[in-house]
Structure formats: structure tokens, C-alpha cells
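Let's take a walk through this structure together. Have the picture open as you read.

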Amino acid sequence: MSLSLWALKTGDHCEILGYDDALDEKYRIRLMEFGFHRGESVSCLHSLGFGAPKVYRVSNTVYSLDDEVATHILVNIIPSHA
């Protein structure tokens with residue numbers, strides 16, 4: 001089952017599946033330029049709550065995204081190996 005990137009909590013890891021149809025093409029292109037493309041692994045570094053932007057690591061780069069963008073990025077959670 002896919003979720004949105006916004007659903008991740010601090011410490012969660014996921015794989016990007018793509019984008020929903022509601023996200024404007026200009027945002028898709030920009031996000032892909034930043035490394036948010038299909039098959040890429042993403043980690044949630046900080047999820048502070050109260051609607052604050054979340055901080056994600058893609059490759060070796062850290063980005064902050066708010067819910068207006070992150071809810072349109074579809075992901076599959078990668079279970080942690082405890």
C-alpha cells in the first residue's frame with residue numbers, strides 16, 4: 001500500500017513510487033531535479049508536528065518540504081531492520 005511522503009515519521013525510510021495526478025507538472029520537474037524521482041530512497045530526519053515542514057534526506061542532500069508538496073509524493077515504506 002502506498003502512502004504520501006508526508007505520512008513518514010522521524011526515522012522512517014521509504015522508496016518513491018511517483019506523484020499523484022494533483023501535483024502540477026512544474027513541481028514534479030523541480031522535485032525530480034532535487035532527486036525525488038521514482039525508485040529513490042528517502043529518509044525522514046525530522047517530523048516536528050503541528051503542520052511544520054518535515055526534513056528529508058535524498059541521497060546526500062537534505063530538504064524541507066511542507067504538506068502542500070509532500071502529500072503528492074507517493075511512497076512505499078521500507079521496514080527497518082531492528
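In which sense do β2 and β6 pair, and over how many bridges? They pair in the antiparallel sense, over six bridges. One spot to look for is Cys14, which stands opposite Ile77 in β6. Keep in mind as you look that this is a predicted model.

Now zoom out to the whole sheet. Six strands make up an open sheet, and if you read across it the order is β1-β6-β2-β3-β4-β5, with antiparallel pairing. At the edges sit β1 (3-4) and β5, each of which pairs on one side only.

Follow the sheet over to β4 and β5. The hairpin they form has two residues between the strands, and here Ser59 takes a positive phi near 55 degrees.

What lies across the strands? Helix α1, residues 25-34, lies across β2, β4, β5 and β6, and it runs at about 145 degrees to β2.

Next, have a look at the largest nonpolar core. It has 19 residues, and the ones that touch the most other members are Leu5, Leu31, Phe36, Val42, Tyr56, Leu65 and Ile73. At least two core residues come from each of β2 (13-19), β3 (41-46), β4 (54-58), β5 (61-65), α2 (67-70) and β6 (73-78). β2 gives the most, with three residues. Phe36 is a handy place to start exploring: setting aside residues up to four places away in sequence, Phe36 touches Leu5, Ile16, Tyr19, Leu31, Val42, Val58, Tyr63, Leu65 and Ile73.

You'll find Ser43 in strand β3. Is Ser43 buried or exposed? Its relative accessible area is 16%, so Ser43 counts as buried, the cut-off being under 20%. The side chain of Ser43 is joined to that of His13 by a polar contact of 2.6 Å. Apart from neighbours within four places in sequence, Ser43 is in contact with Asp12, His13, Val55, Tyr56 and Arg57.

Then there's Pro79, in the segment after β6. Pro79 has a relative accessible area of 58%, so this residue is exposed, as the cut-off for that is over 50%. To see how Pro79 sits relative to another part of the chain, find Leu23: the two are 56 residues apart in sequence and 27 Å apart in space, C-alpha to C-alpha.

Definitions and conventions
Residues are numbered from 1 along each chain as its sequence is written. This is a predicted model: local features need pLDDT of at least 70, side-chain atom pairs count only at pLDDT 80 or more; totals for chains, interfaces and linings use all residues. Side-chain values use heavy atoms; hydrogens and water are left out. A nonpolar core is a set of buried Ala, Val, Leu, Ile, Met, Phe, Trp, Tyr and Cys residues joined through side-chain atoms within 4.5 Å. Buried means under 20% relative accessible area, exposed over 50%, partly exposed in between (1.4 Å probe, protein chains only). Helices (H or I, at least four residues) and strands (E, at least two) are DSSP runs, numbered from the N terminus. Contact means heavy atoms within 4.5 Å. Two strands pair if DSSP finds at least two bridges between them. Axes are lines fitted to C-alpha atoms, for helices over the stretch in contact, and angles run from 0 to 180 degrees between N-to-C directions. A polar contact is a pair of N or O atoms within 3.5 Å; within protein, one must be able to donate a hydrogen and the other to accept it, and residues adjacent in sequence count only if both atoms are side-chain atoms.
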